[in-house]
Amino acid sequence: MKKKDLLKTLKEYNFNPGKYLGQNFLIDENLLKFIVKTANPSENENILEIGPGFGALTRLLIESNANVTAIEYDRRVCDYLTKNISNSNFKLVEGDACRVNLDEIMGKTPFRSIANLPYSASTPFLGRVLEMNNPPKEMVFMLQKEMGMRISSSMGTKNYGSLSIRAQMLYDIKLVRKVPPQVFYPPPKVDSAILHFKLKDKQFDRNELTAINKVVRLAFAQRRKKMITAVSQHYDKDLILSALKDINKDENIRAERLSVAEFAHFALKISNKE
Ligand code: SAH
């Protein structure tokens with residue numbers, strides 16, 4: 001969407017973009033094209049978009065003849081979309097993307113998710129995605145750069161933490177490019193980044209993931225301390241020691257020194273799920 005068209009629409013709807021809903025609209029046509037090119041949507045595939053806003057990205061996705069389901073929270077934005085986008089391959093769900101039942105909305109067929117995520121909702125939304133029974137096969141998300149770096153960072157870097165591990169348990173993740181504030185109206189205060197997520201071939205089942213995430217959260221609650229201190233308050237010490245031995249780590253190891261695969265083994269073993 002061009003800036004002048006967006007401004008016209010905002011005026012017509014007497015709409016003041018709200019910060020708490022992360023309402024920063026994309027006005028850079030080149031960047032929009034870049035997102036679509038990266039995602040490369042194909043005819044008839046199912047796509048989930050979060051926070052379509054005034055449809056800058058939505059329209060391009062619809063043009064590629066994909067089936068687009070979009071979840072939008074703001075009632076006035078929903079009014080606009082209902083009036084202005086009436087293609088049969090577009091479905092609008094009015095609601096909070098962090099609260100609606102994503103599995104129910106997307107069903108059991110494979111789908112991908114492509115979105116310029118509202119920054120205020122990206123952490124809880126990603127948390128919900130990671131708990132889905134049928135998670136997206138792939139995702140292309142624009143996020144706050146900081147968050148993008150946390151999600152995609154690997155062991156040994158300062159951004160590596162609970163969120164990186166929980167996301168990378170399911171997905172191979174790449175930071176595709178960084179994006180400056182000027183591509184949005186109004187421009188946010190922070191830089192952004194485009195991330196590409198690809199679902200891994202090997203998937204853990206629901207119980208395994210719940211067990212792993214519990215250990216990960218616990219282990220990182222006191223990131224500067226020995227992992228064993230926090231974890232041994234809730235899990236059997238002998239099992240912990242034997243799990244550490246399996247992955248060749250000593251008792252003094254900190255959580256941030258375990259790779260995603262090592263965490264999986266460690267967590268499943270001490271949860272008796274191995
Ligand atoms: N994708 C559009 C709009 C981005 S602004 C574009 O790129 O131009 C973010 C949009 O997300 C806004 O329309 C805002 O109302 C919506 N939004 C914010 N929080 C949301 C939530 N929890 N669930 C669904 N939509 C949300």
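Q: How are the residue numbers and the model to be read?
A: Residues count from 1 along each chain as its sequence is written, and side-chain values use heavy atoms, with hydrogens and water left out. The model is predicted, and local features need pLDDT of at least 70, side-chain atom pairs count only at pLDDT 80 or more, and totals for chains, interfaces and linings use all residues.

Q: Into which domains is the protein chain divided?
A: Domain bounds come from an automatic or database domain assignment. Here they give domain 1 (3-199) and domain 2 (206-270). Taken over C-alpha atoms, the centres of the two domains are 33 Å apart. Contact means heavy atoms within 4.5 Å; domain 1 brings 16 residues to it and domain 2 brings 15 residues.

Q: What area is buried between domain 1 and domain 2?
A: The size of an interface is often given as the accessible area lost when the parts come together. The loss is found with a 1.4 Å probe and summed over both parts. Between domain 1 and domain 2 about 1,300 Å² is buried, and carbon and sulfur atoms give 62% of this area. On the domain 1 side, Y160, R166 and M169 supply 40% of the area buried against domain 2, more than any other three residues.

Q: How many salt bridges are there between domain 1 and domain 2?
A: A salt bridge needs a side-chain nitrogen of Lys or Arg within 4 Å of a carboxyl oxygen of Asp or Glu. The count between domain 1 and domain 2 is 0.

Q: Which residues are closest to the ligand?
A: A residue is near a molecule if one of its heavy atoms lies within 4 Å of it. In this model 21 residues surround the ligand, and Q23, G51, E72, D96 and N116 are the closest. An N or O atom in the side chain of N116 lies 2.7 Å from an oxygen atom of the ligand.

Notes: Buried area is the accessible area (1.4 Å probe) that two parts lose on being put together, summed over both. A polar contact is a pair of N or O atoms within 3.5 Å; within protein, one must be able to donate a hydrogen and the other to accept it, and residues adjacent in sequence count only if both atoms are side-chain atoms.
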